[in-house]
Amino acid sequence: MEEWLKYGIRLIVVILLQALLIDHLQWMGICHPQVYILCLLMFPIRLPEWVDMLIGALIGLVMDLYANSLGIHISACIAVMYFRRLLIPHLVSDSERVSTEINSASIGTIAFVKMVVYMVLLHHTWVGMLHAWSIHRIGITLVSVLFSSLITIAIIIGYDKIHTV
């Protein structure tokens, strides 16, 4: 129960941080970090698949309600939770994992960084393409995805390094 309380508090703090601070920062108008996916990436591995999808949908719904984005974040969060489950066994075997938590201490720094990079790029590309909804703005969309992903990856890895010391 204490573990779920930790995840719940982290989720609330990160979503509030996203909604009240990060979304109001303007970085050249093309960089929109989405650090709330930190919560998706760090949920335990042992949850049933339907619970992963439900958690992704609920977190996406909260972000969609805040951003008024008509399901873009729900679909991106469900995609992240689906592909996270498929990606983790390719990055680290069950015998190499120290615990069911997802962080650099439990799955290794290289595997954690790879997972974060893949999932952040998936999420930001998904959100960016659905926001643009046009191939005509593909250049600016890809630049936005790249810069937003780099900042988000740096924040997530920084958070992990601070909390796994």
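Helices here are DSSP runs of H or I with at least four residues, numbered from the N terminus. The model is predicted: local features need pLDDT of at least 70, side-chain atom pairs count only at pLDDT 80 or more, and totals for chains, interfaces and linings use all residues. Residues are numbered from 1 along each chain as its sequence is written, and side-chain values use heavy atoms, with hydrogens and water left out.

Start with the pockets. A pocket is an open set of points on a 1 Å grid over the protein atoms alone, where a 1.4 Å probe fits, with protein on both sides within 12 Å along at least five of seven lines; lining residues have an atom within 4 Å of a point. The largest pocket holds about 500 Å³ of space. Its lining counts 24 residues, with H32, Q34, V127, H131 and S144 nearest the centre. α3 (49-67), α6 (109-132) and α7 (138-163) are the elements that give two or more residues to this lining. By class, the lining has 11 nonpolar, 11 polar and 2 charged residues.

The second largest pocket holds about 170 Å³. Its lining includes K6, R10, E101, Y159 and D160. α1 and α7 each supply at least two of the lining residues. α7 gives the most, with 3. The classes are 3 nonpolar, 3 polar and 4 charged.

Now turn to W27. This residue sits in the loop between α1 (2-20) and α2 (37-41). W27 counts as partly exposed because its relative accessibility is 31%, and partly exposed lies between buried (under 20%) and exposed (over 50%), with a 1.4 Å probe and protein chains only.

Note on methods. Points joined across faces, edges and corners; volume = space filled by probe spheres on them. Nonpolar A, V, L, I, M, F, W, Y, C, P; charged D, E, K, R; others polar.
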